[in-house]
Amino acid sequence: MQFSEFLHPDHILPELSARTKTEVLAELVKPVIAYFPSISLDAVVQILLERERLGSTAIGDGIAIPHGKVEGLDRMVVVVGRSTHGVDFDSVDHKPVHIIALVLAPMSGAGMHLKVLASLARLLRDAGFRQSFLSAPPSQLFALMTSFPLA
């Protein structure tokens, strides 16, 4: 399986404009709403914030992988954003987050949801990949993200 099964070119945000965790989550959810108009932006952001209250999804090294299960999705969706200025995401290492990979899953199918989360974490923890992603021009970000198989 490839990330391209869950990631659409419109779901790569090369420069996030948001400056807070809540704003970043809303900015990442917006492209999903274009494909699933029956889903409420505010409801999805609330699902993500509830997950964040359990513990930050920022895993260190400038990475966050917010995730949640959403009623009304018929497939898993990944959205990846880049923030050159960095966002405070309550990271375990107390550093700003520069790469945020949002994973939204349907209410069923927990196995695939967990596999995608683990694969994203593994990929984004690779220092070489992070550097490539942070320095790549916007036109290359989708190809970069989809060139790696799900482990």
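This is a predicted model: local features need pLDDT of at least 70, side-chain atom pairs count only at pLDDT 80 or more; totals for chains, interfaces and linings use all residues.
Local features are taken at pLDDT of at least 70 and side-chain atom pairs at pLDDT 80 or more, while totals for chains, interfaces and linings use all residues. Numbering runs from 1 along each chain as its sequence is written, and side-chain values rest on heavy atoms, with hydrogens and water left out.

Start with the inside. A nonpolar core here is a set of buried Ala, Val, Leu, Ile, Met, Phe, Trp, Tyr and Cys residues joined through side-chain atoms within 4.5 Å; buried means under 20% relative accessible area, exposed over 50%, and partly exposed in between (1.4 Å probe, protein chains only). The largest such core has 28 residues, and Val24, Leu28, Leu73, Phe89 and Leu104 touch the most other members. Helix 1 (21-35), helix 2 (41-54), strand 5 (77-87) and strand 6 (97-105) are the elements that each put in two or more residues. Helices (H or I, at least four residues) and strands (E, at least two) are DSSP runs, numbered from the N terminus. Helix 1 is the top contributor, with seven residues. As for Leu73, its contacts (heavy atoms within 4.5 Å) beyond four places in sequence are Val32, Phe36, Ile39, Leu104, Ala105 and Pro106. There is also a second, separate core of 25 residues, with Leu7, Val80, Leu117 and Leu123 among them.

His11 belongs to strand 1 (residues 7-13) and is buried, at a relative accessible area of 2%. Its side chain reaches the backbone oxygen of Pro31 at 3.4 Å, inside the cut-off for a polar contact (a pair of N or O atoms within 3.5 Å; within protein, one must be able to donate a hydrogen and the other to accept it, and residues adjacent in sequence count only if both atoms are side-chain atoms). Setting aside residues up to four places away, His11 touches Pro31, Val32, Tyr35, Val77, Val78, Val79 and Val80.

On to the rings. Rings of Phe, Tyr and Trp (its six-membered ring) pair if their centres lie within 6.5 Å; planes under 30 degrees apart count as stacked, over 60 as edge-to-face and the rest as tilted. That gives two aromatic pairs. Phe129 and Phe133 are stacked, 6.1 Å centre to centre with 25° between the planes. They sit four residues apart in helix 4 (residues 127-135), so about one helical turn separates them. Phe129 is buried at 4%, as is Phe133 at 0%. Phe148 lies in the segment after helix 5 (138-146), 19 residues from Phe129, and is partly exposed at 32%.

Lys21 pairs with Glu52, with closest N and O atoms 3.0 Å apart; Lys21 is in helix 1 and Glu52 in helix 2, so the bridge ties together parts 31 residues apart in sequence. Lys21 and Glu52 are both buried. Lys21 also bridges to Asp90 at 3.1 Å. Elsewhere, Arg125 and Asp61 meet at 2.9 Å, N to O. Arg125 is partly exposed at 41%, and Asp61 likewise at 38%. Shared partners join Lys21, Glu52 and Asp90 into one network.

How values were computed:
A salt bridge is a side-chain nitrogen of Lys or Arg within 4 Å of a carboxyl oxygen of Asp or Glu.
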